[in-house]
Amino acid sequence: MSEAIVCVKDFEKHAYNVLPRNALDYYRSGAGAEETLAHNRKAFSKYKIRPRCLRNVAKRDLSTTVLGEKVQIPVGISPTAMQRMAHPEGECANARAAQAMGTIFTLSTIATSSIEEVAQAAPYGTKWFQLYIYNDRNVTRRLVERAEKAGFKALVLTVDTPMFGLRLADIRNKFVLPPHLKFANFAGDKATGINQTESGSGLNNYVNRLFDQSLEWKDIKWLQSFTKLPIVVKGVLTAEDALIAADLGVQGILVSNHGARQVDGTPASIEALPEIVRAVGDRVEVYMDGGITDGTDIFKALALGARMVFFGRPALWGLAHSGEEGVKKILNILKTELDYTMAITGCATVRDIDHRMVVHESYYSKL
């Protein structure tokens with residue numbers, strides 16, 4: 001008799017047992033010695049919840065509004081690449097799950113399902129498109145135009161990736177995209193380039209060859225010059241960069257260390273969140289991803305100022321388990337855990353989650 005799967009960690013254990021090594025190592029790994037990868041999760045334990053009592057929580061509402069659109073739960077799906085390595089329907093199944101749960105799905109530029117395929121799979125869901133900027137700016141422009149035409153609601157410009165970080169597992173495995181898959185948003189070598197025999201990680205070689213390493217903050221103005229879609233910048237970890245982004249007129253900032261996949265030694269996203277909220281939280285919407293595995297994590301991030309949180313890897317574990325149904329189960333687990341946390345701490349709505357309800361553990365050592 002198989003063991004019951006009741007939390008995100010259970011899905012992760014299952015994925016570790018069923019995914020091919022090449023795919024599993026790509027999904028799970030972080031940069032360098034992976035200290036930040038572990039810290040992304042552990043850092044949440046440094047923050048303590050201060051529950052309030054005897055508040056009416058008989059009727060609870062977990063919905064919120066993001067970029068003017070209502071979402072049913074304050075947790076959405078971050079962009080992750082090559083999801084068909086986890087399940088044959090990949091990004092399409094993931095997007096359908098988000099649609100069913102009334103939340104946001106973010107499609108990666110280097111997805112194994114195209115913009116148009118995802119739009120057709122989840123026509124009523126709220127979909128954002130994550131953007132890498134290629135050396136050939138016309139490539140990027142065409143991607144944006146396709147996303148607009150397909151009904152995507154925002155662009156998520158990843159700003160922490162002039163190149164991909166050194167992920168030792170991928171280097172050891174000489175990671176390549178499985179030969180039956182391709183980067184579905186492209187044709188030619190941009191679609192299949194990492195299948196070539198190359199030293200080290202084939203993906204890193206692909207990125208170093210094609211991504212624009214000369215990007216500067218002023219290039220956001222270039223992007224704004226031809227799109228009306230809201231722009232969310234993803235990968236900000238400092239107040240300094242958050243202020244620059246806000247001054248350029250972006251609509252959102254996604255506090256993220258790229259799943260700890262870029263450079264080891266950065267702060268956990270939850271640690272970087274408060275300074276960014278203090279700097280620009282009254283000017284732009286602030287979101288967070290990195291290390292979310294439990295409803296209490298969501299609660300803590302919302303209390304520290306995030307309007308919404310996102311996760312990437314848990315959705316991959318859900319896909320590996322049972323496709324769309326697996327991702328829906330993950331989202332329902334997190335929804336239930338958040339609902340319990342809100343009820344027991346005296347919060348009937350997301351708006352009731354107050355910044356005084358979560359403190360760093362050092363608060364108690366000072367009493």
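Tutor: Two strands pair if DSSP finds at least two bridges between them. Helices (H or I, at least four residues) and strands (E, at least two) are DSSP runs, numbered from the N terminus. Here, strand 5 (residues 104-107) and strand 6 run parallel and are joined by four bridges. The model is predicted: local features need pLDDT of at least 70 and side-chain atom pairs count only at pLDDT 80 or more, while totals for chains, interfaces and linings use all residues. Residues are numbered from 1 along each chain as its sequence is written, and side-chain values use heavy atoms, with hydrogens and water left out.

Student: Which residue is the bridge partner of leucine 107 in strand 6?

Tutor: The partner is phenylalanine 129. Phenylalanine 129 also has a bridge partner in strand 7, namely leucine 155.

Student: Is strand 6 mostly covered or uncovered?

Tutor: A residue is buried under 20% relative accessible area, exposed over 50% and partly exposed in between (1.4 Å probe, protein chains only). Strand 6 is mostly covered, with six of its six residues buried.

Student: Why is the pair of tyrosine 132 and phenylalanine 164 edge-to-face?

Tutor: Rings of Phe, Tyr and Trp (its six-membered ring) pair if their centres lie within 6.5 Å; planes under 30 degrees apart count as stacked, over 60 as edge-to-face and the rest as tilted. By this rule there are 14 aromatic pairs. The ring centres of tyrosine 132 and phenylalanine 164 lie 5.9 Å apart with planes at 65°, so this pair is edge-to-face. Tyrosine 132 counts as buried because its relative accessibility is 7%.
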